[in-house]
Amino acid sequence: MICLALLTFCLIERQVRHALAARGQAKVNGLYAGRPAVPTDKLVLDAPAGIRLIPGTGQSPPTIPQPTDLQLALLDLLDIDPRDLR
């Protein structure tokens, strides 16, 4: 289980760094104490800690109410569309 968790952490960090490199960037603004920082697995997973998800019911899809700019940036870097959570 520990190996699987570490592999997941590494893959998340790799995805964010790869997406940043494709954009010609190396740091994420606001990631560490409001300053730009190189993404590490811990920083990437700590940033959305306060994110809320309202589950969908029936025909209404799940939603993320009022995500911060940093949370939206990380979701974008991880190639997760917050409007398509199904």
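Which strand is Tyr-32 found in? The views below start from that residue; bear in mind that the model is predicted.

**View 1. Tyr-32 sits in strand β1.**
Tyr-32 belongs to strand β1, which covers residues 28–32. With a relative accessible area of 44%, Tyr-32 is partly exposed. Skip its neighbours within four places in sequence, and Tyr-32 is in contact with Ala-37 and Leu-43.

**View 2. A salt bridge links Asp-76 and Arg-23.**
The closest N and O atoms of Asp-76 and Arg-23 are 2.6 Å apart in this salt bridge. Asp-76 lies in helix α3 (residues 69–77) and Arg-23 in the loop between α1 and β1, so the pair ties together parts that are 53 residues apart in sequence. Both partners are partly exposed, Asp-76 at 42% relative accessible area and Arg-23 at 44%.

**View 3. Arg-17 and Glu-13 pair up within helix α1.**
Here the two side chains meet in a salt bridge, 3.3 Å from N to O. Arg-17 and Glu-13 are 4 residues apart in helix α1, about one turn of the helix. Arg-17 counts as partly exposed, at 36% relative accessibility.

**View 4**
Lys-42 and Asp-46 both lie in helix α2 (residues 41–46), with 4 residues, about one turn, between their positions. Their closest N and O atoms are 2.7 Å apart. Lys-42 is exposed, since its relative accessible area of 52% is over the 50% cut-off. Asp-46, at 41%, is partly exposed. The structure holds 3 salt bridges.

**View 5. Met-1, Leu-4, Leu-7 and Leu-11 make a nonpolar surface patch.**
The patch comes to about 480 Å². One of its members, Leu-4, has its place in helix α1 (residues 2–22) and is exposed, with a relative accessible area of 52%.

**View 6. The protein chain runs α-β-β-α-α from the N terminus on.**
Stepping back, there are 3 helices and 2 strands. The C-alpha atoms fill a box of roughly 40 × 30 × 25 Å along the principal axes. Of the 86 residues, 21% are buried. The accessible surface is about 6,300 Å², with 59% of it belonging to carbon and sulfur atoms. As for charge, the chain has 9 positive and 8 negative side chains, and the centres of the two sets lie 4 Å apart.

Technical notes:
Residues are numbered from 1 along each chain as its sequence is written. This is a predicted model: local features need pLDDT of at least 70, side-chain atom pairs count only at pLDDT 80 or more; totals for chains, interfaces and linings use all residues. Side-chain values use heavy atoms; hydrogens and water are left out. Patches are made of residues with over 30% relative accessible area and no salt bridge: like charges are joined within 9 Å, nonpolar side chains (Val, Leu, Ile, Met, Phe, Trp, Tyr) within 5 Å. Accessible areas come from the Shrake-Rupley method with a 1.4 Å probe; for residues, only the protein chains shown count as cover. A salt bridge is a side-chain nitrogen of Lys or Arg within 4 Å of a carboxyl oxygen of Asp or Glu. Buried means under 20% relative accessible area, exposed over 50%, partly exposed in between (1.4 Å probe, protein chains only). Lys and Arg count as positive and Asp and Glu as negative; His and the chain ends are not counted. The place of a charge is taken as NZ of Lys, CZ of Arg, CG of Asp or CD of Glu. Contact means heavy atoms within 4.5 Å.
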